Amino acid sequence: MNKIDVYSDGGAKHNGNPEKREAYGSYKIIANDFEYHKKKEKYSNESNNQAEYIALINALKYVKNNVKNKLSKNIIAFVDSQLIIGQISQNRQVKAPHLKPLQEEASTLVKELNVKLVKVPREVLVKELGH
């Protein structure tokens with residue numbers, strides 16, 4: 001495969017209230033212009049930012065374990081989270097302790113798979129993922 005596009009997004013309903021919070025995430029893998037895999041997930045009571053990270057991590061793990069081969073040099077992950085872009089691509093400090101392990105895992109996968117992270121408008125992810 002010469003090209004792998006990854007679309008990921010996460011969010012949380014009632015984000016400000018951990019007792020009512022409902023987190024979710026989804027991702028889609030497109031390999032050589034063919035929709036290879038799409039998944040929606042529910043998480044427990046993670047925050048919006050945690051859900052964003054978890055969706056990206058799960059997508060990249062899926063690519064690593066099921067799609068990527070030695071010919072895959074062009075992997076692009078499309079996200080709408082400026083936080084993720086900043087903390088992974090721009091080496092911004094992770095201030096929230098609950099995000100640190102997620103940032104470390106995502107960063108490791110991004111480096112290992114040589115992923116290019118691209119910030120896209122929310123509308124792109126709504127079109128690709130349905131939310």
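This section describes a helix packing and the aromatic pairs of a predicted model.

Helix α1, which spans residues 48-67, packs against helix α3, residues 100-113. The angle between the two helices is about 30 degrees, and their axes lie 10 Å apart. The crossing of α1 past α3 is left-handed. On the side of α1, the contact is made by Gln 50, Tyr 53, Ile 54, Leu 56, Ile 57, Leu 60, Lys 61 and Lys 64. In α3, these residues meet Leu 102, Gln 103, Glu 105, Ala 106, Leu 109, Val 110, Glu 112 and Leu 113. The residues of this contact comprise 10 nonpolar, 2 polar and 4 charged.

A pair of aromatic rings is described by the distance of the centres and the angle of the planes. The model contains 3 aromatic pairs. In one of them, the ring centres of Tyr 7 and Phe 78 are 4.8 Å apart and the planes stand at 20 degrees; because planes under 30 degrees apart count as stacked, this pair is stacked. Tyr 7 belongs to strand β1 (residues 4-13) and Phe 78 to strand β4 (residues 75-79), so the pair ties together parts that are 71 residues apart in sequence. Tyr 7 is buried, with a relative accessible area of 10%, and Phe 78 is buried as well, at 15%.

Tyr 27 and Tyr 62 form a tilted aromatic pair, with 6.4 Å from centre to centre and 45 degrees between the planes. Since Tyr 27 lies in strand β2 (residues 22-31) and Tyr 62 in helix α1, the pair ties together parts that are 35 residues apart in sequence. Both Tyr 27 and Tyr 62 are buried. Together with Tyr 36, Tyr 27 and Tyr 62 form one aromatic cluster.

How values were computed. Residues are numbered from 1 along each chain as its sequence is written. This is a predicted model: local features need pLDDT of at least 70, side-chain atom pairs count only at pLDDT 80 or more; totals for chains, interfaces and linings use all residues. Side-chain values use heavy atoms; hydrogens and water are left out. Axes are lines fitted to C-alpha atoms, for helices over the stretch in contact, and angles run from 0 to 180 degrees between N-to-C directions. Helices (H or I, at least four residues) and strands (E, at least two) are DSSP runs, numbered from the N terminus. A crossing is left-handed if the near helix is turned anticlockwise from the far one by less than a right angle, and right-handed if clockwise. Contact means heavy atoms within 4.5 Å. Ala, Val, Leu, Ile, Met, Phe, Trp, Tyr, Cys and Pro count as nonpolar, Asp, Glu, Lys and Arg as charged, and the others, Gly among them, as polar. Rings of Phe, Tyr and Trp (its six-membered ring) pair if their centres lie within 6.5 Å; planes under 30 degrees apart count as stacked, over 60 as edge-to-face and the rest as tilted. Buried means under 20% relative accessible area, exposed over 50%, partly exposed in between (1.4 Å probe, protein chains only).
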